[in-house]
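Please read the points below with the sequence and the model open beside you. They are set out as a colleague's note for someone coming to this structure for the first time.

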Amino acid sequence: MSVARVEPRGARSTGWWGMALFIVAELTLFGTAVASYLFLRFRAPTWPPPGVEDPDLVLGGIATVLLVGSSIPILWAERGIERGDVRRMRIGIAISIVLALAFLSIQGYEYASASFSWRTDAYGSLFFTILSLHGLHVIGAILIVSWLEARSFAGHFDGDHHVAVQTGALYWHFVDIVWLAIFSVLYLSPRI
Amino acid sequence: MATATEERLEEIWGEEPGPVSWFTTGDHKRIGRRYIVTALVFFLLGGIEAAFMRWQLAQPGSTHLTPEQYDELFSMHGTTMIFLFITPLFTGLANYLVPLMIGTRDMAFPRLNAFSYWIFLGAGIFLYAGFVVGAAPNGGWFAYPPLTGPIFDPGINMDIWSLGLIFLSISTTAGAINLIVTILKLRAPGMSLARMPLYVWAMFVTAWMMVLAMPPLTYANVLLQLDRNLGTNFFDPTAGGDPLLWQHLFWLFGHPDVYIIFLPAVGIVSTVIPTFSRRPIVGYPYVALATVLTGIIAFGVWVHHMFATGLPSLGLTFFAAASMIITIPSGVQVFAWLATIVRGRRPAFTTPFLFAIGFIVVFVIGGVTGVMFASVPFDQGVTDSYFVVAHFHYVLFGGAVFPMFAGLHYWFPKITGRTYSETLGRWSFWLIFAGFNVTFFPMHIMGLLGMPRRVYTYSPDLGVEGLNLLSSVGAAVLTIGIALVAINAIKSLIAGSKATANPWGAATLEWATTSPPAHYGFASIPIVHGRDPLWEQPDLGSDLTLTHGREILGTTITDADPEEPLPMPEGSVLPLVTALGFAAVFVSLLVGSVPAALVSTLLTLGLIGAWTWTLGGVPG
Amino acid sequence: MSTKARVVQGSAVLAGVLALTDAACSGPGATSDASGPGAHRISLLSVGMFTIAAFVFLVVICFLAYGLFRRRPGSDDERPDLEDRGGTRMVLLGGVAFPIVVLITLFVITLIALEAQAREDTGSHVLTINVVAHRWWWEFQYPDQGIDTANEAHIPTGEPVLMQVTSTDVIHSFWVPRLQRKVDAIPGRTNDVTLQADADGTYLGVCSEFCGLQHAHMHLEVVAQAPDAFDGWVGQQQQVPPEPTGEALQGQQVFLGSSCVYCHSITGTNANGTVGPNLTHVAGRTTLAAGTIPNTPEELAQWIEDPQSVKPGTQMPASDLTPTQIRQLVAYLESLT
């Protein structure tokens, strides 16, 4: 029996499966966080507690568009390297990093201008902890794609060898999609 | 006389003995052995903690231990046995066996495997550092706030516990991911999922459960750290929090965890019993399905640990029903083993087989008391008493440690290349079986007489002093039995006769290698046509030797059709150094130094970048 | 080993087990020494379930013994048997059908018991007691009678009493095994349980949720009395203690002049601390320090002088009183019946 020696990609790659399973673990983590939010929310008589404002929908909405939108240049970058277009990959990654940094800036502004802190009632604890947990993951995603960017300058990726890009992109999309769940629960549900 | 292929493979896969390869190896066999030895050291430590507890409780009003010491001992006993002993031991055994059983040469991610071990070792040391600084965890292994919150447990004890467990969860999750990918992608050609050994099924489901159960625990520990150190209010009822949030999160992890402990044991028993009954297991598809169903239902019963907390009874009824239903898959497994014994040839009463039988007896007792606990009013009567201590020792010791002994004896020849003494093995089995039952059966009675758990002493008025003394005597007998196992192992390692490749005449692929296996495992990747390859196929060889470089074969997920060869990395010191980086992060967090935490985080991220620099791109 | 020897061995073990089990039938905290409807229910449920459990265990052991020891035809054939495809029926009957029957039975009796419990809790009660758990003592407030006492609760025999259980600090659990199931005392929540005693007597209770250093010494007593005797007790608890005389008067001075008043209260004085137990009628209690020591002058003196020697970790600080002052203080406290 003979076997061809090509780079296994996508679901033929053990690395891809490793990332997919890591994402499953992370999804469970965020799912647990959301569940804890809902648990405490439904035990509280008023939510947010008196004196605490609802989260800012405008800022949150802009942040959402920026972050979820950043998946598009990543997708574009992925398609590029599949065709061997390294330059396209680099541009796509660079754009998504900028968008993610803008997202983080908005988050930072929200933290700084909030009238409450994580010590203010369980509401504050949940709000800041869950947002920070996600924010850390955005930073992680930025680090991953920056590292992919650096590797591309070392000539590591071409049309036949780029499973690391697929894997990194998978993580990026996960971080964006999980934001949708967090946004809905943290920003929209106090208004229900 | 090694063939040319074997010499070539030894060149590619061989490792020079010595400190360099010891610190850089990614060989699943070496890492598996390491895990097992380290886990057994923690078994010893956990046992010493138990011995101290039984010494204190042998008589009412003892003053051998202060209340603080007792609280630290029982907290560390539970934490050690569950987190540092049994699961790492089964992980190590799986590390060793799974690649061999599925006919490949290593785990999917060898360096991640090494890393998982170093993290486990580091987390174990981290947790035990508490004893060294006189502040061992003292809030129980379950750590309920507000008791473990900042007001009532202000010392560093529970910070060591929660940070230590977050640290450990990195190892558990990485190990689980490694196992799943290995089992999905590296099985020998022809080993479809339906032909996979039941031990591999068990580890597969266990690994999935780890991936899904660790996050709630990690999240809970993060919240506890935040409440303790940053003034958040997750568990403070005066500020919108709820102590029950912890309980839900903890038991969302905690109940699946008992099946994470139990399922590998089931896999071992499903291997040992057919071997010594000289026939394939009866009802393989049912046992595989039962394993999967147990894993799924395990996530739906956690509230049965909270029946006394005052939750609404509609919810309690649902969880009572689910907790009863989960016995059905276990029942299927028990009867599959019984049917295999009944319909098998005259059984060979070897030490592994004795421990497997002992397991059935003890586990069924634990299982029936478990079903009793599913009945809410009964649970509300005897939970938090010694009755539940009896129950869970029957299912954990009986359900996991007996199979562990069975497995360790069964695979001892393969792993060490030596034969153990059957006489010593039999003596140790009977002493352990008798000692275990004398220690733990009286605890059922003690609970029914009203003795609560987690108490450093008890009143003579309760009428339990005789039973406590009896239990402590039993513990002494149990200790002697376990000591005999250790003596057997050491004697055999030094002077046991050499083992053949397949001393038991067993069916699974690991027995097709030498004892112990060569560094490369299989000289050629076997091609499998059935569930019991060594019984069905006398000649397993193929021409898939993969001597091009350090390679294993990737196959498809369901049917294991060959895909591409997968290059495997050489040994590296990066797993160890990266683990040290993580350790530095956790120590920084423990002592509360933000600069140290930041620096060690950056360092660790850099190391991860270096490690992954060559992955998933143009080779070379 | 011969079959006969096995049978003898097995019987000896079984006899031992049964003897042990018989020992479980009585004691001050014995579930099966049930003395109230709640405990009777649990006891009955237990007996039913133990019987089912023993039966299941026996079935498994019989199959196991049969499989291990039955005579098999033919020689000791070393080759594995790859032909036999049977046994699936045994697996499905024993592993699915049999458990389903057992579990349905168990579930039905569980529902019946839960239903009875619900009726008990939502039914009428003659008395309400607020049970407030502290580290490491039990506070019993009788809101309708205006009583606040500690560690010893009196109830009228034969009547359902509503216990509303909560905690001021960590999670504890309120358990009087001979009367009723346990219920957790959780800060921020109130959990209800009905207590009813069939007969006059003193019923032991224990804290059954790990709550720190002295979890082991957080006992309580429920004293069930005939209605007249109970009313007598209530009356006495409601009384303001008379002015003390002699040595007891000196003891009262000691009490009011020391740190005792920061934690304890005595009606009729201006001591109204709420951290520790209310001492207005402390002399009437049979034990001290939540069941740790009997209520005698010697033990009380030791407790006041050096609480850590009695209950290490307790919140009660050591006193800096002289032996004379302690003697006087004890005289005062023992006069508070």
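1. In chain C, a hairpin leads from β1(C) to β2(C) through two residues. Strands here are DSSP runs of E of at least two residues, helices are runs of H or I of at least four residues, and both are numbered from the N terminus. Strand β1 (residues 127-134) and strand β2 (residues 137-142) of chain C run antiparallel and are joined by five bridges, and Val132(C) has Glu139(C) in β2(C) as its bridge partner. Two strands are said to pair if DSSP finds at least two bridges between them.

2. β2(C) also pairs with strand β3 (residues 147-150) of chain C, in the antiparallel sense and over four bridges. Tyr142(C) has Ile147(C) in β3(C) as its bridge partner, and the hairpin of these two strands has four residues between them, with Gly146(C) taking a positive phi near 70°.

3. This is a predicted model, in which local features need pLDDT of at least 70 and side-chain atom pairs count only at pLDDT 80 or more, while totals for chains, interfaces and linings use all residues. Residues are numbered from 1 along each chain as its sequence is written, and chains are lettered from A and ligands numbered from 1 in the order in which they are written. Chain C averages a pLDDT (the predictor's confidence in each residue, from 0 to 100) of 93, and 95% of the residues score at least 70. For the complex, the predictor gives an ipTM of 0.96 and a pTM of 0.96.

4. Chain C also holds an open sheet of five strands with mixed pairing, in the order β4-β10-β9-β6-β7. β4 (152-156) and β7 (183-185) of chain C are the edge strands, each with a single partner strand, so one side of each has no neighbour in the sheet. From one strand to the next, the twist averages 25°. Within this sheet, strand β6 (residues 172-175) and strand β9 (residues 201-207) of chain C pair in the antiparallel sense over two bridges, and Phe174(C) has Cys207(C) in β9(C) as its bridge partner.

5. Helix α4 (residues 227-238) of chain C lies across β4 and β10 (219-225) of chain C and runs at about 135° to β4(C). Axes are lines fitted to C-alpha atoms, for helices over the stretch in contact, and angles run from 0 to 180 degrees between N-to-C directions.

6. In chain B, helix α5 (residues 110-132) and helix α6 (residues 157-185) pack at an angle of about 165°, with their axes 8 Å apart. α5(B) and α6(B) are therefore roughly antiparallel to each other, a description used for angles over 145 degrees. The contact of α5(B) with α6(B) has 14 nonpolar, nine polar and no charged residues; nonpolar covers Ala, Val, Leu, Ile, Met, Phe, Trp, Tyr, Cys and Pro, charged covers Asp, Glu, Lys and Arg, and the others, Gly among them, count as polar.

7. Which chains share the most contacts? Of the two pairs of chains in contact, they are chains B and C, where a contact means that the C-beta atoms of two residues, placed from the backbone, lie within 7 Å. Chain B gives 78 residues and chain C gives 79 residues. On the side of chain B that touches chain C, the largest share, 12 residues, comes from α11(B), and the residues of that side divide into 47 nonpolar, 19 polar and 12 charged. No contact joins chain A and chain C, whose closest C-alpha atoms lie 11 Å apart.

Note on methods
Angles under 35 degrees count as roughly parallel, over 145 as roughly antiparallel, 65 to 115 as roughly perpendicular and the rest as oblique.
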